[in-house]
Amino acid sequence: MSATSLDTGSTPVVASPWHQVLAKAPKALLHDHLDGGLRARTARLERDLPPRKAIETFISEILALSRLDRRGCLMVNSMLEAAGSDGDIGTVLREGLAELERFFSRCLKAGQRDGSIAGDGAPADIARLLVAAVMGLRILARARASPALLEGATRQALALLGARGPAGIGRRAP
């Protein structure tokens, strides 16, 4: 591997396979990935499910993906490798994170309105914490964390939604 001067500091950054992939068509590659992954998933879930279930399903799908593919995802791997050192890549990645945060925020607000999500938390703050949890799950999967760690983190992320509402509103059968 060769050293490159991708950052502005005096220490050279070692080029990784992700830098090589992203150097070919960073914005187009990441936009395609976001279109086929994040954007398609959030659009499907918001369209087809009630708000709480949309969040639960999104996080459950991320957990399932994390179990199947321990390499992480392009968005997360790009953040780890290049987000702080490349303007175009960083911009696209920040857009993706903002889209995920808006999805969670919309679902949280709608769920608070319909009673399926506890109304005592600030939707914007919970949305940001859910983004951090999702990114953390993908990073932990890449580090080959144990299933118990991934599942425990997922349970606690979903606990942010609060107690389930009255019978018939987001409540699981006993």
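Analyst: Let's take R41. It has a relative accessibility of 18%, so R41 counts as buried, the cut-off being under 20%. Keep in mind that this is a predicted model.

User: Where does R41 sit?

Analyst: R41 is part of helix α2, which covers residues 26–48.

User: And what is R41 in contact with, beyond its sequence neighbours?

Analyst: Setting aside residues within four places in sequence, R41 contacts F58, E61, I62 and L65. With E61 there is a polar contact between the side chains, at 2.7 Å.

User: Ok, zoom out. How many helices and strands are there in the protein?

Analyst: Seven helices and two strands. Along the sequence the pattern reads β-β-α-α-α-α-α-α-α.

User: What share of the protein is buried?

Analyst: Of its 174 residues, 38% are buried.

User: Which residues of α3 are buried?

Analyst: P51, R52, A54, I55, E56, T57, F58, I59, E61, I62, L63 and S66.

User: Pick one of those. What about I55, buried or exposed?

Analyst: Buried: I55 has a relative accessibility of 0%, so it falls under the 20% cut-off.

User: What does I55 touch?

Analyst: Leaving out residues up to four places away, I55 touches F104, C107, L108, I117, L130, L158 and L161. Take F104: the C-alpha atoms of I55 and F104 are 6.7 Å apart, while 49 residues separate the two along the chain.

User: L130 is in that list. Which α6 residues does α3 meet?

Analyst: L130, V134, L137, R138 and A141 of α6. From α3, the residues are I55, F58, I59, I62, L65 and S66.

User: What angle do α3 and α6 pack at?

Analyst: About 15°, with the axes 9 Å apart. That makes α3 roughly parallel to α6, because angles under 35 degrees count as such.

User: Left-handed or right-handed crossing?

Analyst: Right-handed, as α3 passes α6.

User: Now α6 itself. How does its span come out?

Analyst: α6 has 20 residues, 123–142. They should span 28 Å at 1.5 Å a residue, and the end C-alpha atoms are 29 Å apart, which agrees.

User: Which residues in α6 are buried?

Analyst: P123, I126, A127, L130, V131, V134, M135, L137, R138 and A141.

User: What follows α6?

Analyst: R144 follows α6, and its phi is positive, near 60°.

User: Then α7. What angle does it make with α6?

Analyst: α6 and α7, residues 147–159, pack at about 175°, and their axes are 10 Å apart. That makes α6 roughly antiparallel to α7, because the angle is over 145 degrees.

User: Which residues make that contact?

Analyst: On α6, L130, A133, L137, L140 and A141. On α7, L149, L150, A153, T154 and A157.

How values were computed: Residues are numbered from 1 along each chain as its sequence is written. This is a predicted model: local features need pLDDT of at least 70, side-chain atom pairs count only at pLDDT 80 or more; totals for chains, interfaces and linings use all residues. Side-chain values use heavy atoms; hydrogens and water are left out. Buried means under 20% relative accessible area, exposed over 50%, partly exposed in between (1.4 Å probe, protein chains only). Helices (H or I, at least four residues) and strands (E, at least two) are DSSP runs, numbered from the N terminus. The expected span of a helix is 1.5 Å times one less than its number of residues. A polar contact is a pair of N or O atoms within 3.5 Å; within protein, one must be able to donate a hydrogen and the other to accept it, and residues adjacent in sequence count only if both atoms are side-chain atoms. Contact means heavy atoms within 4.5 Å. Axes are lines fitted to C-alpha atoms, for helices over the stretch in contact, and angles run from 0 to 180 degrees between N-to-C directions. Angles under 35 degrees count as roughly parallel, over 145 as roughly antiparallel, 65 to 115 as roughly perpendicular and the rest as oblique. A crossing is left-handed if the near helix is turned anticlockwise from the far one by less than a right angle, and right-handed if clockwise.
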